[in-house]
Amino acid sequence: LEQDAEEDLARQLVAKLCEKNPIVVPPSLVQQQSRMTQRELQMIAQMTGQDVNDPNLVRRVQADSETKVRAGLLMAEIARLEEIKVTEEDIEKGYEELDEQTGKNVARVKAEYRDKQKRDMLVGMILEDKVLTLMENAASISKPGDAPPAEAKADAQDGGDEGDEKTKKAAAKKTPKKTAAKKKAAKKDDD
């Protein structure tokens, strides 16, 4: 239940990030992401006996792929600006989490992730978790029914352009916490 809430929060943060930063994404990356998603759906469909040739599903996959690419590019830029790095220690923690999730021992997980493409995926997921943690710590999070903070109200009235810079500055001052998402990643603060 707690993990579901954290995943929902992450989705909301990523959606807001994409909404506030409507950058143009390379069509080739969107197509690549779309093909990967379609392959995943086909594998699931084969296992469950469902049809993946639904035109509505194809349109949703395309839209989701564009959002995923945009979010990936934006999060990579945040990581670059905030100088967020993935260390060998982070990767070791990632192996341990995969061990817990899959039931495979750490040595076997490490052997599987010697493949450069798999290792790069793991590094990308760890980096994404670090950026999400940074965003969570910088965000003004309220429960449904709570009045939004005064700064958020002012930001909404201003059009929100300054909010991104405020978020980055606030995020740089905070030490990220570990998340219970797929991979836990912690960033040591220089303060």
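1. Secondary structure. This predicted model contains eight helices and zero strands. Along the sequence, the elements accordingly read α-α-α-α-α-α-α-α.

2. Of the 191 residues in the protein, 27% are buried. The accessible surface amounts to about 13000 Å², and carbon and sulfur atoms account for 51% of that surface. Among contacts with a separation of 6 or more, 76% join residues 24 or more positions apart.

3. Packing of α1 on α6. Two packed helices are described by the angle between their axes and the distance between the axes. For helix α1 (residues 2-20) and α6, the angle is about 85° and the axes lie 10 Å apart. An angle from 65 to 115 degrees counts as roughly perpendicular, and α1 is therefore roughly perpendicular to α6. On the α1 side, the contact is made by Leu-9, Ala-10, Leu-13, Val-14 and Leu-17; α6 contributes Leu-132, Met-135 and Glu-136. By class, the residues of this contact comprise seven nonpolar, no polar and one charged.

4. Packing of α4 on α6. Helix α4 (residues 88-102) also packs against helix α6 (residues 116-138), at an angle of about 100° and with the axes 10 Å apart. This angle makes α4 roughly perpendicular to α6. The residues that meet are Glu-88, Asp-90, Ile-91, Gly-94, Tyr-95 and Leu-98 from α4, and Arg-119, Leu-122, Val-123, Ile-126 and Lys-130 from α6. The contact of α4 with α6 is made up of six nonpolar, one polar and four charged residues.

5. Largest nonpolar core. In soluble globular proteins, nonpolar side chains tend to be buried together. Here, the largest nonpolar core has 15 residues, and those with the most contacts inside it are Val-14, Leu-17, Met-75, Ile-78, Val-131, Leu-132 and Met-135. Helices α1, α3 (55-81) and α6 each supply at least two residues of this core. Leu-132 and Met-135 also take part, from α6, in the contact with α1.

6. Surroundings of Met-75. Leaving aside residues up to four places away in sequence, Met-75 touches Val-14, Leu-17, Glu-128, Val-131 and Leu-132. Of these, Val-14, Leu-17, Val-131 and Leu-132 are listed with Met-75 among the core residues with the most contacts.

7. Ile-91 and Tyr-95 belong to the α4 side of the contact with α6, and Leu-122 and Ile-126 to the α6 side.

Note on methods
Residues numbered from 1 in each chain as written. Predicted model: local features only at pLDDT ≥ 70, side-chain atom pairs only at ≥ 80, totals over all residues. Heavy atoms only, no water. Axes fitted to C-alpha atoms, helices over the stretch in contact; angles between N-to-C directions. Helix = DSSP H or I, 4+ residues; strand = E, 2+ residues; numbered from the N terminus. Parallel < 35°, antiparallel > 145°, perpendicular 65-115°, else oblique. Contact = heavy atoms within 4.5 Å. Nonpolar A, V, L, I, M, F, W, Y, C, P; charged D, E, K, R; others polar. Buried < 20%, exposed > 50% of the residue type's maximum accessible area, 1.4 Å probe, protein only. Areas by Shrake-Rupley, 256 points an atom, 1.4 Å probe, with all protein chains shown as cover. Core = buried A, V, L, I, M, F, W, Y, C linked by side-chain atoms within 4.5 Å.
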